[in-house]
Amino acid sequence: MKNAAKQEVMGLNGDEAVAYAAKQSDVDVVAAYPITPQTIIVEKFSEYVANGEVNTEFMCTESEHSAMTACLAAAATGARTFTASASAGLALMHEMLFVTSGCRAPVVMAVANRALSAPLNIHGDHSDTMAQRDSGWIQIYAENAQEVYDSVFQAFRIAEHLDVQLPVMVGLDGFTLSHTLENVKVLEDEAVKGFVGTRQLPNVMTHEGRTVPYRLDPENPMTMGPVALPNYYFEFKRQQEEAMKNALKVISQVHDEYGQLSGRHYGNGLVEKYRLDDAEIVIACVGSTAGTVKTVIEDLRAEGVKAGLLRIRTFRPFPAEEIAKALGKAKAAAVMDKSMSFGGNGGAVFHETRHALYDSQNHPYLVNYIYGLGGRDISPSQIRKVYEDMQKIAQTGKVEEKIRYIGLRE
Amino acid sequence: MSSKEKGWKELSLAGVCWKSSKTYLTGDWKTYQPVRDLEKCTKCLLCTIFCPDGAIHWKPEKGDIEFDMSFCKGCGICANECPTKAITMKI
C-alpha cells in the first residue's frame, strides 16, 4: 500500500460497489432495466440521481433490448455510458450486444452473473455471460466486491482507449458477490476523476471528406452503423479482432496504472497466479470461487502439497499465451466451469484453456469440472477433493473421466 | 473482391461512411430493369414520384425522363404505377 492514494473503508455489497464506482466515474448516461441479482446497482444509482449526487441522464427503459439500444445511441453521441444486467436480461440484449461492439461503442456494463431459465433460477452461475462470449465485448470477472469496484474504473479506461474502442462487461457472481456485504476500500472522487479522465474519441473521415471525432454531432454529420454488403462487412469484423488483440495490452497497462494509484493488483489484469510458480497440481477458474480455492491452497501448502491457482480474470480477449505459459509446468490441472456448453465436450473455460495449450511442448493433464450451476454452493472440501483427484492423476498418469461434475446428485 | 477496394487496416472505424452515398452505386444487383414504350408514355411523370430510389429524373432540356441505372434496383414499382402501362420490367 506504499504510496497509494488515500482511501476509506465502506461496507458495500458487490452491487453497491458497482453503483458507487459508476457514480465516481462521472457517467453521462445510464439506461437500464431491473433484473435480479443486478437490481441493487440500478436502484442505488437511481438514488444518486434523485439526490442530485450525479450529473447523469438516467433512463428507465421498457426492456433490456431497449436499454442496450439507448446505451449504444448515447455512446454514439460521445457520452460515457453505463448499464447493468443479468441472466434473461442479458439474453434479451443479445442482438444489441453485437450492434454495440460492431459500432465500437465503449459502453460499460456490470453483469451480476445468474443462471438462465428453464427451470427458472435467480441464483449465480456464468451461463449468461458465457453465452455472450462471442458478442465482441471484453469480459472481466471479479473475485470479490473490492475487485468489482476497482474493475469498473478500469473498464471505462479500457473501453474508451483509442486502440480498443470496445464495450466491456464486468462480471460479478450473483448473490455471492452482488448481495454479500464486504469491506471495500474506496478512493476519493478526485483520485477517480484523475484516473478515468474524460472520454476520448477517435477521428474518422466523414462522407463530406472531413476528419472529425467519432460521434453523432449535427455540426459534423456522419452515418454510423450503415449497411455493409459482402464486399465490405468482413473487413469491419477483422477490425474488431484487432481491437481485441490490442485490448490484451491495454488491460494490463490500465490495470498496472490503477494498481499504482490504489495499491491493489489482480495478477497482471489478465490472469492472476496464486502460489503457481512451483505448483504441481493446479486449479484454473473464473470469478469468486478463486477466493475459496486460495483458502484451500493455504491448507494444502501447510501439508506440503504443491497446489496452485490460475485465476482467469479476463476471459475476452482470452489471454491464451499467458495461460499456456502459466500451466506449462504443472502436472495436472482442473479447469472449473460455472456454466455448460451443452454437447460441447466440456465448458467454455475448459475449451479455451485446452485450446491455448495445444501448441505447448509441455502441458498438464487437463480435466474439466462443471460446478455451481443455478447457484449451488462450492465448498472448501469439494475443492480439496479436486486437488486430491489432480494428485492421483499426476501420480498415475491416468485420466479416467475428462469431464466431471462437482456436487451433482447421481 | 476488387483490389481497388480498401483493406481492413485502411477502412474507417466501424464502417462510418467515408464517401457520399451518391458514389455508392446501389443499382448493381438488380435482376429486372425498366424498359419504356415511347409510344405509350404520356410523360405524366408519376414514375419519377413513385420511384423509391429517385432513379428516374425529369430532364427539361430533353423534355423527357431518364432512368439512372446506377441506382435503379429493378423493383418494378414504376411499371406497376404507370397508368398507360408504358413500362415493362425485362431481364
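1. Two strands pair if DSSP finds at least two bridges between them. On that basis, in this predicted model, 6 strands of chain A form an open sheet in the order E11-E13-E12-E15-E16-E17, with mixed pairing. Its edge strands are E11 (271-274) and E17 (403-405) of chain A, each of which pairs on one side only. From one strand to the next the twist averages 20°.

2. Both kinds of pairing can be seen around strand E13 (residues 307-312) of chain A. E11(A) and E13(A) pair in the antiparallel sense over 4 bridges, and A:Glu272 has A:Arg311 as its bridge partner in E13(A). E12(A) and E13(A), on the other hand, run parallel and are joined by 5 bridges. In that pairing, A:Ala284 has A:Leu310 of E13(A) as its bridge partner.

3. How many of the 5 residues of E12(A) are buried? The count is 5 of the 5, so E12(A) is largely enclosed by the rest of the structure. A:Ile281, A:Ile283 and A:Cys285 point one way from the strand, while A:Val282 and A:Ala284 point the other way; all are buried.

4. Helix H10 (residues 289-302) of chain A lies across E11, E12 (281-285), E13 and E15 (332-337) of chain A. Its direction is at about 165° to that of E13(A).

5. A further open sheet in chain A has 7 strands in the order E3-E2-E4-E5-E7-E6-E14, and here too the pairing is mixed. Strands E3 (57-60) and E14 (314-316) of chain A stand at the edges with a single partner strand each, so one side of each has no neighbour in the sheet. Neighbouring strands are turned by 20° against each other on average, direction ignored.

6. A:Ile140 stands opposite A:Thr314 of E14(A). H3(A) packs on this sheet and touches E2 (29-32), E3 and E4 (81-85) of chain A, its direction making about 165° with that of E4(A). Helix H7 (residues 145-160) of chain A lies across E5 (108-113), E6 and E7 (168-173) of chain A, running at about 165° to E7(A).

7. Which helix does H3 (residues 64-76) of chain A come within 8 Å of, axis to axis? The partner is H5 (residues 94-102) of chain A, and the axes cross at roughly 10°. Angles under 35 degrees count as roughly parallel, which means that H3(A) is roughly parallel to H5(A). On the H3(A) side the contact is made by A:His65, A:Met68, A:Thr69 and A:Leu72, and on the H5(A) side by A:Glu95, A:Met96, A:Leu97, A:Val99 and A:Thr100. By class, this contact has 5 nonpolar, 3 polar and 1 charged residues.

8. The buried residues of H5(A) are A:Met96, A:Leu97, A:Thr100, A:Ser101 and A:Gly102. What covers them includes H3 and helix H9 (233-262) of chain A. Just after H5(A), A:Arg104 takes a positive phi of about 60°.

9. A:Gly259 lies in helix H9 of chain A. Is A:Gly259 buried or partly exposed? It counts as partly exposed, because it has 17 C-beta neighbours inside 10 Å, and a buried residue needs 20 or more. A:Gly259 touches A:Arg264 and A:His265, not counting residues up to four places away in sequence. A:Gly259 and A:Ala4 are 255 residues apart in sequence but 8.4 Å apart in space, C-alpha to C-alpha.

10. Some totals for chain A follow. The chain has 13 helices and 17 strands. A compact globule of 410 residues would have a radius of gyration near 22 Å, and the 21 Å of chain A agrees with this. The C-alpha trace spans about 70 × 50 × 45 Å along its principal axes. Buried residues make up 51% of the 410 residues. Of the contacts with a separation of 6 or more, 79% are between residues 24 or more positions apart.

11. As for the chain interface, 14 residues of chain B are in contact with 21 residues of chain A. The chain B side has 8 nonpolar, 4 polar and 2 charged residues.

Key. Residues numbered from 1 in each chain as written. Chains lettered and ligands numbered in written order. Predicted model: local features only at pLDDT ≥ 70, side-chain atom pairs only at ≥ 80, totals over all residues. Axes fitted to C-alpha atoms, helices over the stretch in contact; angles between N-to-C directions. Helix = DSSP H or I, 4+ residues; strand = E, 2+ residues; numbered from the N terminus. Parallel < 35°, antiparallel > 145°, perpendicular 65-115°, else oblique. Contact = placed C-beta atoms within 7 Å. Nonpolar A, V, L, I, M, F, W, Y, C, P; charged D, E, K, R; others polar. Rg over C-alpha atoms; globule rule 2.2 N^0.38 Å. Buried ≥ 20, exposed ≤ 12 C-beta atoms within 10 Å, placed from the backbone.
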